[in-house]
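Then move on to a helix residue.

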Amino acid sequence: MRGAADIVKMIGNGKGRDIRPRPDFAPRPLPPDAPIGDRWKSVLARVPSRFRAHRLPLVAGLVARGAAVAEARAALEALVRGELLVVTLVGRSEAGKTSLVGALVALLCELADAGDARAGVLARGLLWTDELALSRARASHKLGDGEAPLVERAVAAPLVVLDDLGQPTAGGQDEVIEVIWRRHQEERPLILTTGQPREKLTPRYGDGIYRRIARDRSARVIRCAEAKPKAEEGGAA
Ligand SMILES: Nc1ncnc2c1ncn2[C@@H]1O[C@H](COP(=O)(O)OP(=O)(O)OP(=O)(O)O)[C@@H](O)[C@H]1O
Ligand SMILES: [Mg+2]
């Protein structure tokens, strides 16, 4: 008979990885006295469920031994003040990039809940999407019918999270280029994650896009690195 651990191993997490929670990292639902008010729950609901309970203290042990967490908090606050346009989280797979963005959305809701009007506008207008969703949306939209609604929303939304830039898609990457480029032109903020190095991003999206997400003064790059205890490093193949 198969045990629960074997079943988890068989199912995986869609990326061929084991989904058993790490012993030092166990996201839990919000407690009843959570500091985020009920009116922001609909914003948190846009965060994929796997990352919805993430809060900055919870992910602190997971990314860059806490350094990236402090940098990400400062970057989000700068984004809210309008001093930054793009926050880019980089790092290899499982470094905790998406977990950290989940926690940043919760922080944004906390700021909004505490009365920060601009945080409120960004939180209410948040769209969480990824390259695959954008490319599928455009591919399945009828030619001659204008732009796919999701792509339009990704251009116009007050705040966009674009998770996993450079993920393999069936279509091209034109829609992603358009979203990043047009948002930048209109000075609309963007938070994105990518596991790809510059050498992969530049041929795919062009120098101009790379500059906007990683080089400009209006962009901040946060490096995430998995904070594994030494004994675990180099363990499983
Ligand atoms: N809800 C959760 N329960 C248990 N473990 C989790 C949960 N969310 C994330 N993790 C674990 O935390 C680590 C970081 O995951 P995360 O998806 O944030 O990384 P990532 O840098 O976005 O990776 P990728 O580039 O593959 O998308 C992984 O080991 C992941 O399995
Ligand atoms: Mg991710």
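Strands here are DSSP runs of E with at least two residues, helices are runs of H or I with at least four residues, and both are numbered from the N terminus. β1 and β5 (residues 219–223) pair in the parallel sense over 5 bridges. Pairing requires that DSSP finds at least two bridges between two strands.

This is a predicted model, in which local features need pLDDT of at least 70, side-chain atom pairs count only at pLDDT 80 or more, and totals for chains, interfaces and linings use all residues. Residues are numbered from 1 along each chain as its sequence is written, while chains are lettered from A and ligands numbered from 1 in the order in which they are written.

β1 also pairs with strand β4 (residues 190–194), in the parallel sense and over 5 bridges. There, V90 stands opposite T194.

Now look at the two faces of β1. In a regular strand, side chains alternate between the two faces of the sheet. V86, T88 and V90 point one way from β1. V87 and L89 point the other way. Because 5 of the 5 residues of β1 (residues 86–90) are buried, the strand is largely enclosed by the rest of the structure. Buried means 20 or more other C-beta atoms within 10 Å of a residue's own, with C-beta atoms placed from the backbone.

Next, L122. L122 sits in helix α6 (residues 117–124). L122 counts as buried because it has 25 C-beta neighbours inside 10 Å. Leaving out residues up to four places away in sequence, L122 touches V80, L108, P158, L159 and P189. Contact means C-beta atoms, placed from the backbone, within 7 Å. R188 lies 66 residues from L122 along the chain, yet their C-alpha atoms are separated by 9.8 Å.

Terms used. A residue is buried if 20 or more other C-beta atoms lie within 10 Å of its own, exposed if 12 or fewer, and partly exposed in between; C-beta atoms are placed from the backbone. Two residues are in contact if their C-beta atoms, placed from the backbone, lie within 7 Å.
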